[in-house]
Amino acid sequence: MTPDLFEEGAKRLAARQEKVQGNTESGGRAAGFSRIGTPGEVDVTHGRILYLEDVSVSFDGFKAINQLSLDIAPGELRCIIGPNGAGKTTMMDIITGKTRPNSGTVFFGSTIDLLRHNEPEIAALGIGRKFQKPTVFEQLSVFENLELALKTHKGVKSSMFFKLDSAQKDRLAEVLHTIHLAESVTRMAGNLSHGQKQWLEIGMLLMQDPKLLLLDEPVAGMTDEETARTAELFLTLKGKHSLMVVEHDMSFIRTISDIVTVLCDGSVLAQGTLDEVQADERVIEVYLGR
């Protein structure tokens, strides 16, 4: 995509957002997509780390995503809500390369076209994804799970002689503290509670130093205490990382959100604060079926 096309895309997106409630943390400014960045690096000088425009995908004639356009600012914590079948998971599949759209634009920063990359490449670029069900190595300790997640060469010889250096030890200790598992470092992951397993998986993603985290229903199945601590965790990550959180728990969303995007039928229905979108008659109709 050329800088001119980026500029035109930014103008179209800004015009479309005037019709949608609320703005992103970039304040609704038209992005300047003219800077050519270093290949492989995420250029966020235009004020957006993730940019989707007019994205559509169909499965057997059903439009799961329908001309979806949205953007996320660097360091923003964006909550995504919507009824079942709204396209939330499919949107994440597109961003991470699991699903290819039929049309549209998906950029990571202003220079990285995600549609030109596969899943492993996108993960290596700095986009981490957490699914609803935690996936950890239950027969290994908390420490070993985090150690395995480090960005290191994974060859047999490298693994046999691998030793943490001081920077890696400091990073691991920092992540343990962030995810509330410093006192459980030697515990087997299989013996952790559901909420603790969720935190451990988030920690494994953090060991990869992602720039953008996609989190699918992260507090599903958690106790009230675990949910509250997860909110604290996300607010700690905000600013250091960009987060997209898909969730149904409205009290949790109220605790962590600035901007909420409502998806319906594969496109943005409303956007703004939680109070603003909950007062929107279109959102009320979608959720209550009126």
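**Figure 1. Overview of the predicted model.** Of the 290 residues of the protein, 50% count as buried, where buried means under 20% relative accessible area, exposed over 50%, and partly exposed in between (1.4 Å probe, protein chains only). The structure is a predicted model, in which local features need pLDDT of at least 70 and side-chain atom pairs count only at pLDDT 80 or more, while totals for chains, interfaces and linings use all residues. Residues are numbered from 1 along each chain as its sequence is written, and side-chain values use heavy atoms, with hydrogens and water left out. The protein has eleven helices and ten strands; these are DSSP runs numbered from the N terminus, helices being H or I with at least four residues and strands E with at least two. Among contacts (heavy atoms within 4.5 Å) between residues at least 6 apart in sequence, 68% join residues at least 24 apart.

**Figure 2. The largest pocket.** About 640 Å³ of space lies in this pocket. A pocket is an open set of points on a 1 Å grid over the protein atoms alone, where a 1.4 Å probe fits, with protein on both sides within 12 Å along at least five of seven lines; lining residues have an atom within 4 Å of a point. Grid points are joined across faces, edges and corners, and the volume is the space filled by probe spheres set on the points. The lining consists of 25 residues, and Ala123, Gly128, Arg129, Leu205 and Gln208 lie nearest the centre. Two or more lining residues come from each of helix H3 (119-125), strand S6 (127-130), helix H4 (142-148) and helix H7 (194-206). H3 gives the largest share, five residues.

**Figure 3. Strand S6 and its partner.** Ile127 and Arg129 point one way from S6, Gly128 and Lys130 point the other way, and all are buried. S6 runs parallel to strand S7 (residues 212-216), and four bridges join them; two strands pair if DSSP finds at least two bridges between them. Arginine 129 stands opposite leucine 214 in S7.

**Figure 4. Valine 42 and its surroundings.** Valine 42 is found in the loop between helix H1 (3-17) and strand S1 (50-59). The residue counts as buried because its relative accessible area is 17%. Leaving aside neighbours within four places in sequence, valine 42 is in contact with Ile49, Phe108, Gly109, Ile112, Leu125 and Lys211. Valine 42 and glycine 109 are 67 residues apart in sequence and 5.1 Å apart in space, C-alpha to C-alpha.
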